[in-house]
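Open the model in your viewer and keep the selection tool at hand. The stops below say what to select next and what is there.

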Amino acid sequence: MSAPEALRIEGLHKAFGDLEVLRGIDLVVADHEVVCLIGASGSGKSTLLRCINLLEPIQAGRIVIEGQDVTERGVDVNQVRRRIGIVFQSFNLFPHMNVLRNVTLAPQQVLGRSREQATEEARVLLERFGLLDKAEEFPDRLSGGQQQRVAIARALAMNPDLLLLDEITSALDPVLVAEVLDAIRELAATGMTMVIATHEMGFARDVASRVCFLDDGRILEEGAPAQMFSEPTEPRTREFLDRIIAAGRM
Amino acid sequence: MTGHVPGQPGLPPGDRRSKILSGGEPGARSVQIAVASTVIFFTVVAVLVVNSPGWAAIKQAFFERDVLRESVPEIVRAFGKNVFIFMTAEAIVLVWALFLAVLRSLPGPVFAPLRLLAIGYTDLFRGLPTILVISLLGFGMPALQLQGLPTSEFFWAIIALSLVYSAYVTEVYRAGIESVHPSQIAAARSLGLGRWQAMRFVVLPQAVRRVMPPLLNDFIGLQKDSALVSVLGVVEGLQTANILTQRAFNFSPFVALALVYLVITIPQTRFVDWLVERDRRRRQAGSTV
């Protein structure tokens, strides 16, 4: 690994009470890399992303972002989070604010941008995702695909070093999935470092520089998408992919 | 207020379904029936009441025209004091109850004493009769003659009402705060907003909007309870009606005061009903998205 590291995870353990969800995750993501996490529901993909963003306290292990250990005591979590964007499965837009305000809130309140500057930057982002005409609309007036693109714009408005995507198309109608995935493809092309939990195997094969198969709280196998999808070495990976193919998702 | 349509009782389940499918609008015919039955019903009631043997006595005791005409202006003037009392108390309650609710919603073991304090507060003031708190503060505090504290019973009456109603409104706010889904807080925090910023920009605006109807309900209660201040001898609406009643040997001033109360409370209850209905429609529209 010669490229600088965006993210390094060592021996990450996470449990909800007695339920161990992550049992020793090791993962290194280089700058500009796109890592896709695949695996059955409950394998720990979402939990891993939430841990990286410090939304979940962890039991053991280290998370290092751009060289800074963010799991040390006394780390300012707000400082860390403003460098990491996350987009959720259920969008989680703020329903009482219009699209523009959803995007400008954090830059204004966290980064101290002026209203004019935040609005200007937000408009550029919304334009990029084809949402400029929706700037004054409230989230509940938008389709799921539009809402999710607003959520992506909202995360990008903070200019993050790392973007985490948590099954962002799982709550969408099939016809709306493409417009969101296209937005992510475009982001990948610009060199955004991303960790993506997804069930869209075709998309993962296209966009990922590396694919990690999570099974029972561990990364069981990782590799280039071509290798992972055509000749996985672990029987469990093969079994999972066979089931996905049988379900017509690939 | 249920959604029951007058004049359409007892539809069998099959018919009900077809009503829903056709938009649930009552037809012109059922409106006619509803109007006719209402007119007939109230005419019959009015005739029965007016012709009952005791009506003349009741009319004279409660609805004496001259006494009503004389007492209304005086009562309205005195009622200005009630308006001042409940408006001031409402302003205090809005802020103080919100503060207590936020205190109670603070997470983490460090804030345990503050949470306990807020819980103790609501337990105490929800457990006491309002008139008792008004008497305690209104008679007690001025009698102490403490340095720097006002001795006006009027002042302490407002404080007492604010303290009691803040306990109720705190619970209302808290319900609103807890009704905001944790994923909203996660979204706010993930953008780098601090705990307080997430509360201020994301949680509270949504919470307050949702609890507007119960909040207004509590305010209507507070407006009515402003009459309790009369126990302290403050010459407000009720006290004035009392004086006028004794002067005229007639209860019509009480009726006049009752009318004044209804004039201000009924529009508000209608407004609350309208808010609740609008919320319900919004939620239903939202759930189909």
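Helices, of at least four residues, and strands, of at least two, are DSSP runs, numbered from the N terminus. Counted in that way, chain B has eleven helices and zero strands. The model is a predicted one.

**Stop 1: chain B as a whole**

Select chain B and colour by secondary structure. From the N terminus on, the order of elements reads α-α-α-α-α-α-α-α-α-α-α. Chain B has 289 residues, and 27% of them are buried. Now consider the contacts in chain B with a separation of 6 or more: 73% of them are between residues 24 or more positions apart.

**Stop 2: confidence**

The mean for chain B is 87, and 89% of its residues reach 70 or more. For the complex, the predictor gives an ipTM of 0.91 and a pTM of 0.82.

**Stop 3: where the chains meet**

Show both chains. How many residues of chain A are in contact with chain B? There are 18 in chain A, in contact with 18 residues of chain B. On the chain A side, select helix H2 (77-81) and helix H3 (99-109) of chain A, the elements that give two or more residues to the side touching chain B. H3(A) gives the largest share of that side, three residues. Sorted by class, the chain A side has nine nonpolar, six polar and three charged residues.

**Stop 4: H4 and H5 of chain B**

Hide chain A for now. Select helix H4 (residues 65-105) and helix H5 (residues 112-126) of chain B, which pack at an angle of about 130° with their axes 8 Å apart. H4(B) is therefore oblique to H5(B). An angle over 145 degrees would be needed to count as roughly antiparallel. The crossing of these two helices, H4(B) and H5(B), is left-handed.

Show the side chains at this contact. From H4(B), pick Leu100(B), Leu103(B) and Arg104(B). They meet Leu114(B), Arg115(B), Ala118(B), Ile119(B) and Tyr121(B) in H5(B). The contact of H4(B) with H5(B) has six nonpolar, no polar and two charged residues.

**Stop 5: H4 and H10 of chain B**

H4(B) and H10(B) pack at an angle of about 155°, and their axes are 8 Å apart. Because of that angle, H4(B) is roughly antiparallel to H10(B). The crossing of H4(B) and H10(B) is right-handed.

On H4(B), select the residues that make the contact: Val67(B), Ser71(B), Glu74(B), Ile75(B), Ala78(B), Phe79(B) and Asn82(B). On H10(B), select Gly237(B), Thr240(B), Ala241(B), Leu244(B) and Ala248(B). By class, the contact of H4(B) with H10(B) has seven nonpolar, four polar and one charged residues.

**Stop 6: Leu187 in chain A**

Bring chain A back and select Leu187(A), which lies in helix H6 (residues 174-189) of chain A. Is Leu187(A) buried or exposed? Leu187(A) is buried, because 20 other C-beta atoms lie within 10 Å, and a residue counts as buried at 20 or more. Not counting residues up to four places away in sequence, Leu187(A) touches Met192(A) and Met194(A). Now draw a C-alpha to C-alpha distance from Leu187(A) to Leu163(A): these residues are 24 apart in sequence and 9.9 Å apart in space.

**Stop 7: two positive phi angles**

Most residues other than glycine have a negative phi. Select Leu54(A), which has a positive phi of about 60° although it is not a glycine. Leu54(A) lies in the loop between helix H1 (45-52) and strand E4 (60-65) of chain A. Leu54(A) is buried, with 20 other C-beta atoms within 10 Å.

Last, select Glu167(A), in the loop between strand E7 (162-166) and H6 of chain A. Phi of Glu167(A) is near 45°, a positive value in a residue other than glycine. Glu167(A) has 20 C-beta neighbours inside 10 Å, so it counts as buried.

Note on methods
Residues are numbered from 1 along each chain as its sequence is written. Chains are lettered from A and ligands numbered from 1 in the order in which they are written. This is a predicted model: local features need pLDDT of at least 70, side-chain atom pairs count only at pLDDT 80 or more; totals for chains, interfaces and linings use all residues. pLDDT is the predictor's confidence in each residue, from 0 to 100. Two residues are in contact if their C-beta atoms, placed from the backbone, lie within 7 Å. Ala, Val, Leu, Ile, Met, Phe, Trp, Tyr, Cys and Pro count as nonpolar, Asp, Glu, Lys and Arg as charged, and the others, Gly among them, as polar. Axes are lines fitted to C-alpha atoms, for helices over the stretch in contact, and angles run from 0 to 180 degrees between N-to-C directions. Angles under 35 degrees count as roughly parallel, over 145 as roughly antiparallel, 65 to 115 as roughly perpendicular and the rest as oblique. A crossing is left-handed if the near helix is turned anticlockwise from the far one by less than a right angle, and right-handed if clockwise. A residue is buried if 20 or more other C-beta atoms lie within 10 Å of its own, exposed if 12 or fewer, and partly exposed in between; C-beta atoms are placed from the backbone.
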